[in-house]
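I opened this entry to note what I looked up, step by step. The structure comes first, then my notes.

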Amino acid sequence: CSAQNLTLNQPGVHYSLTGNCGEVSIQGQDITVTMVSAKSLTINGDRNTVTAKSLGAVSVQGQDNTMSATVIGALTINGDRNTVTAPAVGPKSVNGQSNSVGG
């Protein structure tokens with residue numbers, strides 16, 4: 001990534017990102033992303049899966065997304081049935097139905 005900003009939008013693709021990313025935007029459905037870290041992460045879509053170590057500000061807009069990370073700086077969820085697993089999560093705002101945030 002080399003601190004670059006990326007938009008990932010190919011449905012059904014598995015992206016493996018190395019290094020520290022800038023702003024990562026997932027735009028679509030059924031996208032899988034494995035990454036080390038990102039300054040920010042935005043998910044706009046449904047049924048996406050993200051695995052990371054360290055994420056800054058995270059925004060999830062959609063349904064049935066799954067994310068796991070070691071650290072999330074701040075978290076905003078607007079959607080339904082999203083699952084976020086992280087031992088350390090900063091300030092969070094969770095709106096919608098049946099969302100789960102835990103460590």
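**Salt bridges**

I started with D64, which forms a salt bridge with R81, the closest N and O atoms being 2.8 Å apart. I counted a salt bridge when a side-chain nitrogen of Lys or Arg lies within 4 Å of a carboxyl oxygen of Asp or Glu. The pair links distant parts of the chain, 17 residues apart. D64 sits in the loop between β7 and β8 (66–68), and R81 sits in the loop between β9 and β10 (83–85).

I noted how the model was made and read: it is predicted, local features need pLDDT of at least 70, side-chain atom pairs count only at pLDDT 80 or more, and totals for chains, interfaces and linings use all residues. Residues are numbered from 1 along each chain as its sequence is written, and side-chain values use heavy atoms, with hydrogens and water left out.

The scale I used calls a residue buried under 20% relative accessible area, exposed over 50%, and partly exposed in between (1.4 Å probe, protein chains only).

How many salt bridges does the whole structure hold? My search found two. In one of them, the side chains of D30 and R47 meet at 2.9 Å, N to O. This pair also links distant parts of the chain, 17 residues apart. D30 is in the loop between β3 (20–27) and β4 (32–34), while R47 is in the loop between β5 (37–44) and β6 (49–51). I read D30 as partly exposed at 36%, and R47 as partly exposed at 42%.

**Strands**

Next I looked up the strands, which are DSSP runs of E with at least two residues, numbered from the N terminus. Two strands pair if DSSP finds at least two bridges between them.

β7 (residues 54–61) and β9 (residues 71–78) pair in parallel over seven bridges. There, V58 has L75 as its bridge partner in β9. β9 also runs parallel to β12 (residues 92–95), joined by four bridges. I77 is partnered with V94 in β12. With β11 (residues 88–89), β9 pairs in parallel over two bridges, and V71 has A88 as its partner.

**The open sheet**

Which order do the six strands of the open sheet take? I wrote down β2-β4-β6-β8-β10-β13, with parallel pairing. The edge strands are β2 (14–16) and β13 (100–102), each pairing on one side only. Within the sheet, β4 and β6 pair in parallel over three bridges. V33 stands opposite V50 in β6.
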